[in-house]
Amino acid sequence: MKTMLAIISNALCRITGKNAGAQTVSELLVDLSEYVNLTSPQAAAPAAPTARRLPPKPPPASAAHLVSTQTGRPDGPGARVVVSRSLSDFTPQATFDIKKCDLHSLEAGPPEKAELTREQGLQYYHTMQMVRRMELKADQLYKQKIIRGFCHLYDGQEACAAGIEAAINPSDHLITAYRAHGYTYTRGVSVKEILAELTGRKGGVAKGKGGSMHMYAPHFYGGNGIVGAQVPLGAGIALACQYQGNNQICVTLYGDGAANQGQLFETFNMAALWKLPCVFICENNKYGMGTSVERASASTDYYKRGDFIPGLRVDGMDVLCVREATKFAADHCRAGKGPIIMELQTYRYHGHSMSDPGVSYRTREEIQEVRSKSDPISMLKERMLGANMASVEEFKEIDIEIRKEVEESAQFATSDPEPPLEELCNHIFSNSPPLEVRGTNPWSKLKSVS
Amino acid sequence: MATSLKCLLRSGKEAAAAPAVGDANRDLAAIQVTVRDALNQALDEELERDERVFLLGEEVAQYDGAYKMGFTGIAVGAAMAGLRPICEFMTFNFSMQAIDQVINSAAKTYYMSAGQQPVPIVFRGPNGASAGVAAQHSQCFAAWYAHCPGLKVVSPWNAEDARGLLKTAIRDDNPVVFLENELMYGVPFEMSEESLSKDFTIPIGKAKIERQGAHITLVSHSRMVGHCLDAAAVLAKEGIDCEVINLRTIRPLDVECIEGSVMKTNHLVTVEGGWPQFGVGAEICARVMEGSAFNYLDAPVTRVTGVDIPMPYAKILEDNSVPQIKDIIFSVKKTLGV
């Protein structure tokens, strides 16, 4: 291992022209990526930040919390390269240009610049990366047949969940359809409880009784299996907010596949009539199961489909864009102006569900292109690195920490016992005396408690 | 905006002239109240009792509208977020469009969430055959809803049933399907002072023996209870003594009450307005067979039901599509072998 690192280090030094031993491997790799950018054809670059990127400085000798740099001394699996730097090295806050939103029946839209603090950036990164790794772990467990039934994965769409949560309060409400694991996490449920619910164990957030599409938390109403049914429910939750006068809003999500359903238009009508504080959000990931939006909809301007309800179309791969748009929409509702529609243009890397490979109706090239050019996590990371808001090592630290948490959660999810049979009939009714439930045959009399 | 919406939802129907139920009239032993008035009074009282209770639906308050799936879903969502909606269907036939929200969003949610998310909602409206409204507006949904775990299904007959069961349904923290009957709305019944008190409730899941008898048990719900009592009066003259049970609740079924009666009379006839196949009577037969009362039967159970056809329009055809008193009398005699 020691010689391996030395070999790599030397190779990198030759390519980048730096002095061997003067820098750590990670710093060399960063320089290498810069070198590659300079010599390869211009790719679409992310919006340039206002602060100029500086190469990372070597650690100051006086720093109290220096950790040993390890160009030649790895210990443990995988050489961990840690460089400690004082926080004063980093830019605490930066402003980024974000894409302008298309507007429908609105005089003005969200701002075209977003402010980001270092803390926020790291937090959004953490959230998105956690969702990403959790979904990939679920993919793995599903292929091992430890998760069964429905499993609709969210990887690629992380900026939507993270951006929305960043713009609303925990006391606001949120409801979505079945691609819900990301939102279950952002609304406060641990990865452990989510994975254990997917594996059907008693430690799952719904004690194993709900599964992938039926996870709940305070002010999070799932997780709904019937396409489109969650939209009137969301308006009902908004009705309750208005009725109770608590200044809360309800974010109601649906997909491009559900966007043509009749009950949505019934709901839009009532929400507009009663000025319900409901933010309707269409996550347009371009495919409703295997049907592309062009084949499914006479109009693919989903942000305009509310007709008399104002709307905006948002870059759903940019967490800052999502955040600013959601803030704008939430303010609109809280001001009593009634409902509003947001269309988030996003993309899912996986197929519709685990039984859909996802390549019969779209090309691998298309998926690859989105991954390389518009990945939400990479975009945020590059922005922050470009603005010197964090270091490569920090992101790596976060990745390692996330990987560990997801691994431990998966461990729990595979080892936790299934719910006991005594639980079978419980939770039929709320706040009711125990009742008898017929089993599979007349002599089987089971008990149900609230 | 919030206050005006509140008013809109809580004002209920235009206040029809209701008899003065209170003050001086309380001194009288009993008072005549139509089923419609009993329902409206119960609604008024429950709206006043709990701020969170409100009305939503087709042609309620000042809102004229027919957006069934939409408003049913909105009602369920409001129930999830802490309110206690009473969702009214113009008839339960329209609920078929919204049935996904009733079953998948309301009935199953408490279970799917392992107890985290209750749904305190009442779905009410006229159910079953009316008069001259033909096939698409005459179906009985008792069997459809009673099939599903997670729902409570009640079917009141008289004014006292309507009042007590509606109050209980509204105060219940679970989804309750409240099946009314349009032909019963205008029928007056005597109501005792006790049944007119503000906290008068009838427990869900308990049937009532409307008439004690020794020779045969008649089990029924809703409008057919009245038919059974009329049949019993005629049969009494011929020396046949009928016990008439008013189910009041379809799910959970009060099997104990039925079994107790059968163990006394040894004969059972079920009477319902709905279609025969997979219906309320079918369920009662199965339950009696599985339980302790089976050995007490001196004859197989007889089901009296609506005719197994879509409801026709012409009066003579419609009249012959639902059980008449003569059908009940005939079936009783056949079951008794007389």
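Among contacts in chain B between residues at least 6 apart in sequence, what percentage join residues at least 24 apart? The figure is 81%, where contact means heavy atoms within 4.5 Å. Welcome to this predicted model, in which local features need pLDDT of at least 70, side-chain atom pairs count only at pLDDT 80 or more, and totals for chains, interfaces and linings use all residues. Residues are numbered from 1 along each chain as its sequence is written, chains are lettered from A and ligands numbered from 1 in the order in which they are written, and side-chain values use heavy atoms, with hydrogens and water left out.

**Chain B**
- Chain B has twelve helices and 13 strands (DSSP runs, numbered from the N terminus: helices are H or I of at least four residues, strands E of at least two).
- Of its 338 residues, 58% count as buried (under 20% relative accessible area, with a 1.4 Å probe and protein chains only).

**T267(A)**
- You will find T267(A) in helix α8 (residues 262-274) of chain A.
- T267(A) counts as buried because its relative accessibility is 0%.
- Its side chain reaches the backbone oxygen of Q263(A) at 2.6 Å.
- Leaving aside residues up to four places away in sequence, T267(A) touches V231(A), P232(A), A235(A), F280(A) and G70(B).

**Helices α3(A) and α4(A)**
- α3(A) passes α4(A) in a right-handed crossing (the near helix is turned clockwise from the far one by less than a right angle).
- The contact includes Y124(A) and M128(A) of α3(A), and A159(A) and A162(A) of α4(A).

Notes: Buried < 20%, exposed > 50% of the residue type's maximum accessible area, 1.4 Å probe, protein only. Polar contact = N/O pair within 3.5 Å; in protein donor to acceptor, adjacent residues only side chain to side chain.
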